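This briefing is intended to be read beside the sequence and the structure. The points that follow are grouped by topic.

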Number of protein chains: 2
Amino acid sequence: MLALPRAVVIDRMVETELAVVTNLDPKRHEAPLPQAPSTPAPSTPLDALADLVADDLLAVNELIVQRMHSSVEMIPRLASYIVSAGGKRLRPLLTLASARLCRYTGDRHLGLAAAVEFIHTATLLHDDVVDESNLRRGLASANAVFGNKSSVLVGDFLFSRAFLLMVETGSLEVLRILSQASVVIAEGEVLQLQTTNDTNTTEESYLEVICAKTAALFAAACRSSAVVAGRPEAEAAALDDYGMNLGIAFQLVDDVLDYSALQARLGKTVGDDFREGKITLPVVLAFRRGSEEERVFWRRVLEDTEQTEGDLDHAIRLMTQHRALRDTMDRARQYGTLARNALSGFDDSPEKRILLEIIDFVIDREY
Amino acid sequence: MLALPRAVVIDRMVETELAVVTNLDPKRHEAPLPQAPSTPAPSTPLDALADLVADDLLAVNELIVQRMHSSVEMIPRLASYIVSAGGKRLRPLLTLASARLCRYTGDRHLGLAAAVEFIHTATLLHDDVVDESNLRRGLASANAVFGNKSSVLVGDFLFSRAFLLMVETGSLEVLRILSQASVVIAEGEVLQLQTTNDTNTTEESYLEVICAKTAALFAAACRSSAVVAGRPEAEAAALDDYGMNLGIAFQLVDDVLDYSALQARLGKTVGDDFREGKITLPVVLAFRRGSEEERVFWRRVLEDTEQTEGDLDHAIRLMTQHRALRDTMDRARQYGTLARNALSGFDDSPEKRILLEIIDFVIDREY
């Protein structure tokens, strides 16, 4: 299992110097993006990054469409359902930006970016697989439309195609990094399965899960870019660090947004995690800080998943009361700071400025 | 999708010269195995092969146990449930024997053999994933014990570990071969999903499915052994040919055994394919050769899967009456001949003799 080098236990962090760095806003707009005068201002740093690497992104999108192809007609149909649903291409964009940050001028980062997106898509498809009990609750996902088995097999197809794309980079080291990340992702998903419905889940376990299931791929994507660019280990490690901490922040915010009052941000319904009994940091904090009566509530709704109308609202009230959502956001900002620090060794460049802006964007997407 | 270089349409083959080669028995015992005098005679060629490569096999088994390990406790538990259930280690044995046939003296074939077994195990776990409708029929498999989702994720773990093992062989070509095989396997599994319950499935589609879902991994395992041994393409292609044709024969026989009167051979319950509505060659032949009344029967039991007691027996009677099982066995023998021919360029050796015996063993395991 992944060690937790940067995933410090959170309630301990409240007392550390890291905890005071909770607002990165003042720096957010320090580096205006270079733009053609006639282009309207991009609305997010991701749009700005997509503009900056527009040619590369186009090539990656073409590669994605091309390598999703199969003579077995159901494969591209199901794959495009989920690949286009993904939409924002966060991981390929980070891959492309990291390669540019390393001043890479070749084209091996294109296949790498497509491979990273395929691995991400495969894990989404496999994450959607449900057991009978879940099906009864009637989830809507790719597997609900196409069936569990198709989702699994098309995930396997994309995963295998990802490895073929990596072979084309000609780098065994890239294959090693992303195979290892894939091992860690699978471990994280199994660990998450084990902590689901378990209100005794600790912060450590939760952090282990999100480092593995989410942040490991961010880290591997950024590190691999330095490898295809032929950069020294120090740069690869710095980009790994950036990706890992950004990924942790990203998942923390995702887990907060699932309890957000503003519905349907990210195309996500509020309360998905709650309905599944997934134990995320807001739950861990609210449970630990709650009264015995409140714990009875948490056990009923999350362990037994006996939920009635009003339970989600009550859960959000308890989280608010115990500052569980705000503290989770603070933690996300702390990891954001670590991500920011990781890039300190790189010279200023448009890519670096955008990679820094993305940290704040990832964190502040609701607030 | 995999082209079908050697998978000729079968009913056409009845009229060809290949169809007359239906009995390889006379040659089966021409090459007695070298044995220590005190050792009792091995009962099958697989046992003989396991004896011949005993040290390698021990090392592979140790590697398998070691690389199944994870700090996430459920992973080795579920993985060992299925890896040890596999038992006969056919694919790793073929990998080891192929490397020896190529006079390879290094140790990179050990990781390769373990990787091949992990890929096979991952596909078994993913093949066991079922949809709600199947769960209602109550299948017993790893996923019935551990749940769909665990089976998928542990499959992903093993698949990823397989790629890490391949990285350790240091050969991008091995990674290319086995990534490509994994793509083809996934395509074959999806195609099989599409042909399930479809009595209009043709022989071509059926052959495409079994080439992809079964034979591609046999072929890739044998070819990769030549690659790690640094042998020229002609030898790699010959071993690919051997593996592909052996794999087709293996699956044809498997599909016959599912309708065999001798129950529970291979630890398999008779009638599994029938209950799932899987369209195998015995069904294709019996359906095509049957009367309109018989086709009504086949559609009811396989398309609508409305089955009552006695239906399986009736299906076997119809297959026997139309020679569907015997002709499928004849086809298996034809592919066996192609596998035998593929090795003609290799000098005589204990490994070659056993690889030839394995062809007959695979075909004659029931008769």
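Does B:Arg89 count as buried or exposed? B:Arg89 counts as buried, because it has 22 C-beta neighbours inside 10 Å and 20 or more are required for that class. The model discussed here is a predicted one. Chain A contains 19 helices and 0 strands, and of its 367 residues 53% are buried.

**Fold of chain A**

- In chain A, 77% of the contacts between residues at least 6 apart in sequence join residues that are at least 24 apart.
- Helix α13(A) is mostly covered, with 20 of its 25 residues buried.

**Nonpolar core**

- In soluble globular proteins, nonpolar side chains tend to be buried together.
- The largest nonpolar core in this model comprises 236 residues.
- Within that core, the residues with the most contacts are A:Ala249 and B:Ala249.
- When neighbours within four places in sequence are left aside, B:Ala249 is in contact with B:Ala332, B:Tyr335, B:Gly336, B:Ala339, B:Ile359, B:Val362 and B:Ile363.

**Relation between the chains and their contact**

- Chain A is superposed on chain B by a rotation of 180° with 0.0 Å of shift along the axis, at an RMSD of 0.0 Å.
- The two copies are therefore related as by a two-fold rotation axis.
- The same surface serves both copies, in that 100% of the contact residues of chain A recur in chain B.
- The contact draws 42 residues from chain A and 42 residues from chain B.
- On the side of chain A that touches chain B, the elements giving two or more residues are α5 (74–86), α8 (132–136), α10 (148–169) and α11 (172–195) of chain A.
- The residues on that side of chain A divide into 22 nonpolar, 12 polar and 8 charged.

**Positive phi values in chain B**

- Most residues other than glycine have a negative phi.
- B:Arg89 has a phi near 55°, a positive value in a residue other than glycine.
- The location of B:Arg89 is the loop between α5 (74–86) and α6 (90–101) of chain B.
- B:Arg323, likewise a residue other than glycine, has a positive phi near 60°.
- B:Arg323 lies in the loop between α17 (311–321) and α18 (324–342) of chain B.
- B:Arg323 counts as partly exposed because it has 15 C-beta neighbours inside 10 Å.
- Helix α16 (residues 292–303) of chain B has 12 residues and reaches 15 Å from its first C-alpha to its last, close to the 16 Å expected at 1.5 Å a residue.

**A:Pro350**

- A:Pro350 belongs to helix α19 (residues 350–364) of chain A.
- A:Pro350 has 17 C-beta neighbours inside 10 Å and so counts as partly exposed.
- A:Pro350 and A:Ala216 are 134 residues apart in sequence, and their C-alpha atoms are 25 Å apart in space.

Technical notes: Residues are numbered from 1 along each chain as its sequence is written. Chains are lettered from A and ligands numbered from 1 in the order in which they are written. This is a predicted model: local features need pLDDT of at least 70, side-chain atom pairs count only at pLDDT 80 or more; totals for chains, interfaces and linings use all residues. A nonpolar core is a set of buried Ala, Val, Leu, Ile, Met, Phe, Trp, Tyr and Cys residues joined through C-beta atoms within 7 Å. A residue is buried if 20 or more other C-beta atoms lie within 10 Å of its own, exposed if 12 or fewer, and partly exposed in between; C-beta atoms are placed from the backbone. Two residues are in contact if their C-beta atoms, placed from the backbone, lie within 7 Å. Copies are superposed by least squares on the C-alpha atoms of residues with pLDDT of at least 70 in both. Helices (H or I, at least four residues) and strands (E, at least two) are DSSP runs, numbered from the N terminus. Ala, Val, Leu, Ile, Met, Phe, Trp, Tyr, Cys and Pro count as nonpolar, Asp, Glu, Lys and Arg as charged, and the others, Gly among them, as polar. The expected span of a helix is 1.5 Å times one less than its number of residues.
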